Amino acid sequence: MSDEIDSLKTAGLSRRGFLKGLGVGSVATGLLSPVSLKDALAKEGGVVGPGEVSVLLKINGQSRKVDVEPRVTLLDALRNRLDLTGCKKVCDRGTCGACTVLVDGNPVYSCSMLAIDAEGREITTVEGIGTPEKMNAVQKAFVEHDAQQCGFCTPGFVVACTAFVRKHPNASLDEVRAGLGGNLCRCGTYAGMMLAAVDSAKGGA
Ligand code: FES
Ligand code: FES
């Protein structure tokens, strides 16, 4: 230790000054903002990570910047970083549909898409589809048909159903069943949800 102190003195630094210098350096490094995804891709020749990159997402008509590691899913970015918790994390493996959001108008399992891949796309979550004061046709039909029990799968169904009835006005019950086949309900509320979908398909969402 005394050799260490001697060498600091020789270099013209006190031990306290040396430690203070280290502290400032560490904080400054910690405050560095992640580079934008575009810049990172350009600099690293198409490879980013493992550190955070800055991603600009278009969500419900607003631009939202979020710093995420490239491995982070769109679902985790929405829920954990942007406080949009309508999309639910249930299976987290592309099976149940509880995490469904719209990407460029199409239903997508947000647990199976990376946040960095969503940059530049139009993302709509259930929060952007309607509000309790101003529900869209699908949400109103879900209320009228009492089409929810647990609530975990409901937002995903509402989002998937909204995308479906926009593309298939006047869909039959069989078409609705096939169209919503990517969303699972484990408690048996299908009957109400299918009727809600058929009803809202008549008016458009
Ligand atoms: S949580 Fe994404 S499909 Fe189940
Ligand atoms: S309403 Fe959620 S599992 Fe059936």
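**Exercise 1.** Determine which residue of β2 is the bridge partner of Leu56, and describe how β1 and β2 are joined.

*Solution.* Step 1. The partner of Leu56 in β2 is Lys65. Strands here are DSSP runs (E, at least two residues; helices are H or I, at least four), numbered from the N terminus.

Step 2. This is a predicted model, in which local features need pLDDT of at least 70, side-chain atom pairs count only at pLDDT 80 or more, and totals for chains, interfaces and linings use all residues. Residues are numbered from 1 along each chain as its sequence is written, and side-chain values use heavy atoms, without hydrogens and water.

Step 3. β1 and β2 run antiparallel and are joined by seven bridges; two strands pair if DSSP finds at least two bridges between them.

Step 4. The two strands form a hairpin with two residues between them. In the turn, Asn60 has a positive phi of about 50°.

**Exercise 2.** Identify the residue of β5 that stands opposite Lys58, and state whether β1 is largely enclosed.

*Solution.* Step 1. Lys58 stands opposite Glu122. β1 and β5 (residues 122-124) run parallel, with two bridges between them.

Step 2. Because five of the seven residues of β1 (residues 53-59) are buried, the strand is largely enclosed by the rest of the structure. Buried means under 20% relative accessible area, exposed over 50%, and partly exposed in between (1.4 Å probe, protein chains only).

**Exercise 3.** Locate Val72 and classify it as buried or exposed.

*Solution.* Step 1. Val72 lies in the loop between β2 (62-68) and α4 (74-81).

Step 2. Its relative accessible area is 15%, so Val72 is buried.

Notes: Chains are lettered from A and ligands numbered from 1 in the order in which they are written.
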